[in-house]
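Student: Please take a close look at one part of this model, the place where two of its chains meet, and go through it step by step.

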There are 4 protein chains.
Amino acid sequence: MSKYTELKREVYEANMELQNRGLVIYTFGNVSQIDRAAGVVAIKPSGVSYDAMKPEDIVVVDLENNIVEGTMRPSSDTKTHTHLYRHFADIGGVTHTHSTYATAWAQAKQSIPCLGTTHADYVHGDIVCTRVLTDEQVQGDYEEETGIQITEAYQNRDPKAAPMVIVAGHAPFTWGKDGAESVYHAALLEEIARMAYLTRTLDPKAEPLKQAILDKHYLRKHGKDAYYGQSK
Amino acid sequence: MSKYTELKREVYEANMELQNRGLVIYTFGNVSQIDRAAGVVAIKPSGVSYDAMKPEDIVVVDLENNIVEGTMRPSSDTKTHTHLYRHFADIGGVTHTHSTYATAWAQAKQSIPCLGTTHADYVHGDIVCTRVLTDEQVQGDYEEETGIQITEAYQNRDPKAAPMVIVAGHAPFTWGKDGAESVYHAALLEEIARMAYLTRTLDPKAEPLKQAILDKHYLRKHGKDAYYGQSK
Amino acid sequence: MSKYTELKREVYEANMELQNRGLVIYTFGNVSQIDRAAGVVAIKPSGVSYDAMKPEDIVVVDLENNIVEGTMRPSSDTKTHTHLYRHFADIGGVTHTHSTYATAWAQAKQSIPCLGTTHADYVHGDIVCTRVLTDEQVQGDYEEETGIQITEAYQNRDPKAAPMVIVAGHAPFTWGKDGAESVYHAALLEEIARMAYLTRTLDPKAEPLKQAILDKHYLRKHGKDAYYGQSK
Amino acid sequence: MSKYTELKREVYEANMELQNRGLVIYTFGNVSQIDRAAGVVAIKPSGVSYDAMKPEDIVVVDLENNIVEGTMRPSSDTKTHTHLYRHFADIGGVTHTHSTYATAWAQAKQSIPCLGTTHADYVHGDIVCTRVLTDEQVQGDYEEETGIQITEAYQNRDPKAAPMVIVAGHAPFTWGKDGAESVYHAALLEEIARMAYLTRTLDPKAEPLKQAILDKHYLRKHGKDAYYGQSK
């Protein structure tokens, strides 16, 4: 019995939730979760379909991407995940999908403006689209560079106030306190991206929310005086 | 055994119908129903997922938003619901969703014009989008102000002839004779909003229905000489 | 035991197929089928939901809309159905839906051009949108006038070569050799309407198919030398 | 017991997967698979619905379209399939669908540009739209000419680097090492087509990916140094 059995089971279930929510097809997407005390990350194996995957297939790596436990190759996006864990000290889980509407925004290389309170409830400001990589970065350590694309976009931004980002020409990454919450944010992003798509195609000049409403909605859920939900 | 058991069960079922109809994800949305004789409103608890919710979790409040029965916090939108019950004397249920197409119209801050008979069968005229709140209103009693946004839009309008409204930058509210009918109106609104979106993106200059057809369709279902359906 | 038991069962099943195919919600839509020998039409009752409907609820009327058998009111669209049976001698079933994409074209008051072979396989030419009714027609015998709208659009057109039409500002009607085939045409229309919507929003100037391909596809399925399928 | 029993079973299952993935309705679409050693192709029978079809209904033909085994007519598109097998020496399966978004691009007569890495992961460059047939070609051996349309578009293109094509005014064809992989490519094409539609309607000027990223994504999955997935 591995000491990572519980971690791997949680990561397995978070990955399966991706498929249950309709956020992935075939082998698309991957979820990871970190055990900060042990310094390890559990992540989906590369190219395995959700229907075939078992909890014991989850791969455990350290923060330098060395395999600690597992017989399969980890996701080809592993270096992006570990980069995020090394730079965002408070996050516990990361999700990558190619969900349809969020990916359309990525392909249009546009940040998603905050057009309504659905967005403001979860993200304080735009959902940022990263810059495009240079040819040198693509030809270099590509998956690490994708992580760098993301963390550079957060130099003046709190990862917890915007737990989702769009990588230009590629697709979204989201994060949370654990793998499950990062999947929840991936599902919310897809819905926000879809609403924003519909709004902008209905009216290309639709304006973002005023700052006051944006603050109000975000803070009633996430501020120190939050009053949404059952916990304090 | 509470004297509100039956009311809470009906409100529970109306809330579950929101999820069954695909109008909400996660904890989005809420339905309430009033017992006018008792002066109480039963409403979904705040931030509880539909899969986890039980009938006994439904919260009962009075029209001034005081908890009468229940161990959980009521929906953070409760003040909007009670405002509507106080101002619209004939309604028995209220639904709030962030359903996708209706929310896109809210984010575009546009009323939905009556483009066809599907709309005319249920709403006599536009589905109105409210004005935008001032910063002072947002920073004040926000959920009460949302109710005020709605009732101000109905100063010259019969709530029964248009049982659905779009709150600018936010999302729809609908109502009916009870919670179940308010959910029915939420589902119809989403379908009407989707058809109107498709029509306007196919032809941005698509014209509303002529008044004669609008009157005919609304009145064959709702006028004193209505001949649709089985009841008189 | 009624002599219309089998007719009513077939009409019941054709109506249920509307819901199974996702072409209707709640009480939307209706299917009828004629027994030409008996001179009667069986049709969905008005305003009854699909989940509640039973085969014995189907109403039998004659071609002048008098109830021959049944305890419920027939569909409020009955006069449109009987008008079509009186004027299109070869049809055996009629379906009316408010399916989403076909209704969007109706609301845009545009005929659906033949943009591809999916369309050409079933309809020889445009799927015509009728003219708009005059106020006098709306205020007169409205449902009969809707039938007149349709048959006037077919004065120089074979109903079998185009078993689907769009009523301006309203929604589609389709027909076939029986109720089941009219539902099949309703489902095909919705898919054709969706493809045409996507094509025109991708490229507003997209051109119709050339006549040669249009003829080829229609005739390989429907001409005297048809070679698609197993019969013939 | 036929010597083609296993081939027919695989083709049956690949055809059923088309329906399971939502890529076809009714009798739309068809999948074939070749046994190169035996010189035969197994293919769906013409005009049979997926729910009614049985493994023994699959028809076996030779590469000149003569029936080798089977009691039903083969798909009316058989000549297109055999044309592809004769000209693309390395393919083992072919799929034809009228999936909605891919067909919209075909109707717009536009190639799908490579707008993101989802596309680049599977196709190296545009997903090409063929030229339009001349009237003479349509009136001649139409299904053979459709195959010629496709192979002409691949004169300077490797079929394995772009296992999917769009036939102008018609719909897509895809291929793979066997019938199952050709269905996989049909499903990927539909998702890529949908993302590209959303991107272009969000921003009609959205630019294709840079060549460096296009190469990187395709080659990390398909090049000699591929590192995606579990096999070498």
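Tutor: About 3,200 Å² is buried between chain D and chain A, and carbon and sulfur atoms give 54% of that area. Buried area here is the accessible area (1.4 Å probe) that two parts lose on being put together, summed over both. In chain D, the residues that lose the most area to chain A are L198(D), L202(D) and Q230(D), together 21% of what that side buries. This is a predicted model, in which local features need pLDDT of at least 70 and side-chain atom pairs count only at pLDDT 80 or more, while totals for chains, interfaces and linings use all residues. Side-chain values use heavy atoms, with hydrogens and water left out, residues are numbered from 1 along each chain as its sequence is written, and chains are lettered from A and ligands numbered from 1 in the order in which they are written.

Counted by residues, 38 of chain D are in contact with 36 of chain A, where contact means heavy atoms within 4.5 Å. The interface of chain D and chain A also holds 3 salt bridges by the rule used: a side-chain nitrogen of Lys or Arg within 4 Å of a carboxyl oxygen of Asp or Glu. R220(D) forms a salt bridge with E143(A), and their closest N and O atoms are 2.4 Å apart.

To sum up the interface of chain D and chain A, the buried area is about 3,200 Å², L198(D), L202(D) and Q230(D) lose the most area on the chain D side, and the salt bridges include R220(D) with E143(A).
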